[in-house]
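Student: I would like to learn how to read the features of a structure. Could you walk me through them?

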Amino acid sequence: MIAFLDLLDTEYEKEQFTELYNKYSNLLYTIAFNKVNNVHDAEDCVQETFLYIAKNFYKIEDINSTKTKYFLSTIVSSIAIDRFRRSKKIEFISLDDYKKYKDLSYIDNYEPNEISFCIDKLDDDSKNLIYLTYYFGYKSKEIAEMLGVKNDAIKQRLCRARKKLKKIIEEGE
């Protein structure tokens, strides 16, 4: 943890980061372990998450908020899923398919609670990408940097997530 603290500027930030680390490290480890089923990989996922947070600590507004808890959970979950995917060598869809499913205007016809219900039916990876993109407002490039993968890979995953969401919404009508 000392290495993370060196990335922070003020003593107040260091105290806040330490509090954040102590409060959420066990939760993040549990989330990561449930995804990768490996102690060492889970620990690596948690460390990657805290490294990202230390580098971008200005994005944390309130350590005790549910938004922060969900943000950290989403990041570690995404990192763990990516690590698991890399170990299984899952392939991505083509960029041509990405271009077909880029539009989400059909969502405008539904109530937010309906959309939220449909998002909850998605697998964790898709759900995390949808939340990081549309709820937290991250660009695909930022998500790619966060997860240590190529931007094109995130765009392809996001395309698949949108495609799955559209299918769930259409089946629910």
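Student: Is Cys-45 buried or exposed?

Tutor: Keep in mind that this is a predicted model. Cys-45 counts as buried, because its relative accessibility is 0%. Cys-159 is buried too, with a relative accessible area of 0%.

Student: How many disulfides does a search of the whole structure find?

Tutor: A disulfide is a covalent bond between the sulfur atoms of two cysteines. Here, a search of the whole structure turns up zero.

Student: Let's move on to the core. Which residues of the largest nonpolar core touch the most other members?

Tutor: That core has 48 residues, and the ones touching the most other members are Phe-17, Leu-20, Phe-50, Ile-53, Phe-71 and Tyr-138. Among the elements giving two or more residues to this core are α2 (11–36), α3 (39–55), α4 (66–88) and α9 (151–172). The largest share, eight residues, comes from α2.

Student: What is Phe-71 in contact with, leaving aside its neighbours within four places in sequence?

Tutor: With those neighbours set aside, Phe-71 is in contact with Tyr-52, Ile-53, Ile-60, Phe-136 and Tyr-138.

Student: Now for charges. How many salt bridges does the count come to?

Tutor: Side chains of opposite charge can pair when their charged atoms come close. In this model the count comes to six salt bridges. One of them joins Asp-44 and Arg-83, whose closest N and O atoms are 3.7 Å apart. Asp-44 lies in helix α3 and Arg-83 in helix α4, so this pair ties together parts that are 39 residues apart in sequence.

Student: Is Arg-83 buried or exposed?

Tutor: Arg-83 is buried, with a relative accessible area of 19%; the cut-off for buried is under 20%. Asp-44, in contrast, counts as partly exposed at 36% relative accessibility.

Student: Where are Asp-123 and Lys-164 in the chain?

Tutor: Their side chains meet in a salt bridge (2.8 Å, N to O). Asp-123 is in the loop between α6 and α7, while Lys-164 is in helix α9, 41 residues apart. Asp-123 is partly exposed at 33%, and Lys-164 is partly exposed at 36%.

Student: Which residues do salt bridges with shared partners join into one network?

Tutor: That network consists of Asp-41, Asp-44, Glu-48 and Arg-83.

Key: Residues are numbered from 1 along each chain as its sequence is written. This is a predicted model: local features need pLDDT of at least 70, side-chain atom pairs count only at pLDDT 80 or more; totals for chains, interfaces and linings use all residues. Side-chain values use heavy atoms; hydrogens and water are left out. A disulfide is a pair of cysteine sulfur atoms within 2.5 Å. Buried means under 20% relative accessible area, exposed over 50%, partly exposed in between (1.4 Å probe, protein chains only). A nonpolar core is a set of buried Ala, Val, Leu, Ile, Met, Phe, Trp, Tyr and Cys residues joined through side-chain atoms within 4.5 Å. Helices (H or I, at least four residues) and strands (E, at least two) are DSSP runs, numbered from the N terminus. Contact means heavy atoms within 4.5 Å. A salt bridge is a side-chain nitrogen of Lys or Arg within 4 Å of a carboxyl oxygen of Asp or Glu.
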